Every structure is written in C-alpha cells, then in structure tokens.
Amino acid sequence: LAHQLAKDHMRRGEFPKAYQMLATLADRSPPIHELLTDRQRREIGERWFDLALVQSQLGRSREALQSVERVLQCSPKDPFAFAFAGDLSFTQGDTDQAIAYWGKAIKYGGDLLPEVKEKLEALQEQTASTTPPPRS
C-alpha cells in the first residue's frame, strides 16, 4: 500500500513526498541475500527502481545510481535498470561505465531498448574519434 501511495505521488510530480515514502520502504527492506522468492526480489527491486527515479528527479544522481545497483542485486538481468544506470553514469561524465551498462541493457533487453542501442553506438563512435591512436 505504501509503495502504491509513493507511486501516486510520483505520478503527480510530488517527488519530495515520494522520496520520503520510498526511502522509508527501502530502509525497511530485508537484505537482498535474505529474499527467498523471485516475487520478493521483484517487489523490492521495483521499490529501489522507483526510489532511483525519484532521486534522479531531485538531482541526486549519485544516490540514484546506488539505488539502481540495489535493483540489479535483486534482478541481475534487468535491462531497464542497466539502461537507467547507463543514463546516470553518462550524466555523471563516466562514459566508460555508461558504455558498460548500456551494453548489458542491450544484451538482456535486445529489441526492447532501441534508443539505448542508438546512445551506445553514438557514444562508442564519439569515444573512438576522440581516442588518440596507439603509439608505435
């Protein structure tokens, strides 16, 4: 119920309220290694993902990336979490990490994420064109 209320705050753009609720839920979540069922992992991962979205909206991109890492502990093949982690890393200026995350998003999401593939290809081209040739 609390998670649904937090999602309602998100939909209304009430990010500080959503943040408070989601942060409380995250703090009360059991450690990942104690989650026994796939359903528990999915539910906890969804809470962490929503918290990351709110943190990002509030300009807390480093915290958001930490929350996405928690999502990936719950769902290690979640292409949307990898895509979001790539976006956050890129925003923070960590292009190498963005490339790694986006590569995994494509690996696990395939055709679900065409915009991620475009971002990855553009960043790889940009990186290749700005990298000096190796010395002989």
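Predicted model: local features only at pLDDT ≥ 70, side-chain atom pairs only at ≥ 80, totals over all residues.

Biologist: Fine. How many residues has the largest nonpolar core?

Modeller: 35, and those with the most contacts inside it are Leu22, Leu51, Val54 and Val68. A nonpolar core here is a set of buried Ala, Val, Leu, Ile, Met, Phe, Trp, Tyr and Cys residues joined through side-chain atoms within 4.5 Å. Buried means under 20% relative accessible area, with exposed over 50% and partly exposed in between (1.4 Å probe, protein chains only).

Biologist: Which helix gives the largest share of this core?

Modeller: Helix 2, with seven residues. Helices are DSSP runs (H or I, at least four residues), numbered from the N terminus.

Biologist: And what does Leu51 touch, leaving aside neighbours within four places in sequence?

Modeller: Tyr19, Leu22, Ala23, Ala26 and Ser67. Contact means heavy atoms within 4.5 Å.

Biologist: Switching topic: how do helix 5 and helix 6 cross?

Modeller: Their axes come within 7 Å and cross at roughly 165°, which makes helix 5 roughly antiparallel to helix 6. Axes are lines fitted to C-alpha atoms, for helices over the stretch in contact, and angles run from 0 to 180 degrees between N-to-C directions. Angles over 145 degrees count as roughly antiparallel, under 35 as roughly parallel, 65 to 115 as roughly perpendicular and the rest as oblique.

Biologist: Which residues meet there?

Modeller: Among them, Phe82, Gly86 and Phe90 in helix 5, and Tyr101, Trp102 and Tyr108 in helix 6.

Biologist: What about helix 4 and helix 5?

Modeller: Those axes come within 10 Å and cross at roughly 160°, so helix 4 and helix 5 are roughly antiparallel too. Residues that meet include Leu65, Val68 and Leu72 in helix 4 and Phe82, Phe84 and Leu88 in helix 5.

Biologist: Last one: is His3 buried or exposed?

Modeller: His3, found in helix 1, counts as buried because its relative accessibility is 13%. Leaving aside neighbours within four places in sequence, His3 is in contact with Leu22, Leu25, Glu46, Arg47 and Asp50.

Notes:
Residues numbered from 1 in each chain as written. Heavy atoms only, no water. Helix = DSSP H or I, 4+ residues; strand = E, 2+ residues; numbered from the N terminus.
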